[in-house]
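Visitor: I'd like to learn how to read a model like this one. Could you walk me through it, feature by feature?

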Amino acid sequence: MSCVEQMKYKLHLERTSFKEAREYIEKNSDEVYYVNPGYKIFKDYYIIGVPPVAMGVRGTEMLFTYVKPCHGTFVMGIDSEEEIARLRENELEKIKKSLKSASPKGKADSGAAPASFADMYKK
Amino acid sequence: MSINRNNGNLAQEMEDMSEGKKALLVMGCPEVPVQMSMVIYLTHKLKKSGWDVTVAGTDAAVKLLKVADPESYYVQKTVDLDELIGDVVEKKVDFDVCFAFMHSDAGMTYGATFSAISKARLFAVVFGKNAEALGESIDYPAEKIVATATHNPNPLKNKIDKVAL
């Protein structure tokens, strides 16, 4: 049994498909973040899902999908400012990474820029 | 005679090639009878070809397997599915090939998770009444083995027998 089942949680959707659960989170959250399957929350729960896996924030509550092989997908909500902060931080890291990976291309472009008018004419 | 000898050599070659390679069988909900039959069959078949086989499942699925194979003649290694996912994510373990058994949306979702977290060559083994529709809904990287089988394992067995590893 995962640690989330021992926490105080709300069930927003029960025994549904993963697609419907994702749509519920997207429609009913103030903020939506997308994580990869295997994203760890709380002590020992690794998110099961079909990418993109949506996770939502509504006030102090984090909404996420919880999948059980014999019962389908549930949308659970747990109050956790700590996990919400981690989710936002994770999103910031993703943006930073994408900016870093884009920067060498930018450098290459600037490197290709002409150094003088003479170079411009050569082109 | 010569055919038998050739077959023997081929089997030996296959065994040598897969020696030490790790296979994972992921069981879904055990409510459809063909799953347990095929898990035992495929484990036996892979082991005979030299694969190191681990079977993952829920507590109920693993219990069913252990009762069916009380002396672990066919299946030696079993593991809790959710614990295994944690270990694969944390890179403590991984496999060369993974067969994910599924007959429901939840099973399909577990397959997607393995597709994302593991480097294994993934086979989605889709069965049950809605196998065709479920198979079509799989849009993640996986080789699909689809058969509308619930009680009779042979349609699924015939397709699994055609898999070349």
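This is a predicted model: local features need pLDDT of at least 70, side-chain atom pairs count only at pLDDT 80 or more; totals for chains, interfaces and linings use all residues.

Visitor: Let's begin with chain A. How many helices and strands does chain A have?

Guide: There are three helices and seven strands in chain A. Read from the N terminus, the elements go β-α-β-β-β-β-β-β-α-α.

Visitor: And how do I read a sheet? In what order do the strands of the open sheet in chain A lie?

Guide: The general idea is that strands of a sheet pair through backbone hydrogen bonds, either parallel or antiparallel. In chain A, five strands make an open sheet, ordered S1-S7-S6-S5-S2, with antiparallel pairing. At the edges sit S1 (10–16) and S2 (31–35) of chain A, each pairing on one side only. On average, neighbouring strands of this sheet are turned by 25° against each other, direction ignored.

Visitor: How many bridges join S1(A) to S7(A)?

Guide: Four bridges join S1(A) to S7(A), residues 72–79, and the two run antiparallel.

Visitor: Which strands does helix H1 of chain A lie across?

Guide: H1(A), residues 18–28, lies across S1, S2, S5, S6 and S7 of chain A, and runs at about 35° to S5(A). There's a helix from the other chain to look at too: H5(B) lies across S6 and S7 of chain A, at about 70° to S7(A).

Visitor: That takes us to the interface. How many residues of each chain are in contact?

Guide: 18 residues of chain B are in contact with 19 residues of chain A. On the chain B side, helix H4 (81–89) and helix H5 (105–117) each supply at least two residues. H5(B) gives the largest share, nine residues. By type, the chain B side divides into nine nonpolar, six polar and three charged residues.

Visitor: What about the core? Which residues have the most contacts inside the largest nonpolar core?

Guide: That core has 75 residues, and those with the most contacts inside it are A:Met55, B:Leu25, B:Val26, B:Cys98, B:Ala100, B:Ala124 and B:Val125. Take B:Cys98 as a worked case: leaving out residues up to four places away in sequence, B:Cys98 touches B:Leu24, B:Val26, B:Phe114, B:Ser118, B:Ala120, B:Leu122 and B:Phe123. As for chain A as a whole, buried residues make up 28% of its 123 residues.

Visitor: Now the backbone. What should I look for in the torsions?

Guide: Most residues other than glycine have a negative phi, and most peptide bonds are trans.

Visitor: Where is the cis peptide bond in chain A?

Guide: The bond from A:Pro51 to A:Pro52 is cis, with omega near -5°. A:Pro52 is in the loop between S4 (45–46) and S5 of chain A.

Visitor: Is B:Lys91 buried or exposed?

Guide: B:Lys91 is exposed, since the count there is 9 other C-beta atoms within 10 Å. B:Lys91 has a positive phi of about 60° without being a glycine, and its place is in the loop between H4 and S4 (97–102) of chain B.

Methods: Residues are numbered from 1 along each chain as its sequence is written. Chains are lettered from A and ligands numbered from 1 in the order in which they are written. Two residues are in contact if their C-beta atoms, placed from the backbone, lie within 7 Å. Ala, Val, Leu, Ile, Met, Phe, Trp, Tyr, Cys and Pro count as nonpolar, Asp, Glu, Lys and Arg as charged, and the others, Gly among them, as polar. A nonpolar core is a set of buried Ala, Val, Leu, Ile, Met, Phe, Trp, Tyr and Cys residues joined through C-beta atoms within 7 Å. A residue is buried if 20 or more other C-beta atoms lie within 10 Å of its own, exposed if 12 or fewer, and partly exposed in between; C-beta atoms are placed from the backbone. Two strands pair if DSSP finds at least two bridges between them. Axes are lines fitted to C-alpha atoms, for helices over the stretch in contact, and angles run from 0 to 180 degrees between N-to-C directions.
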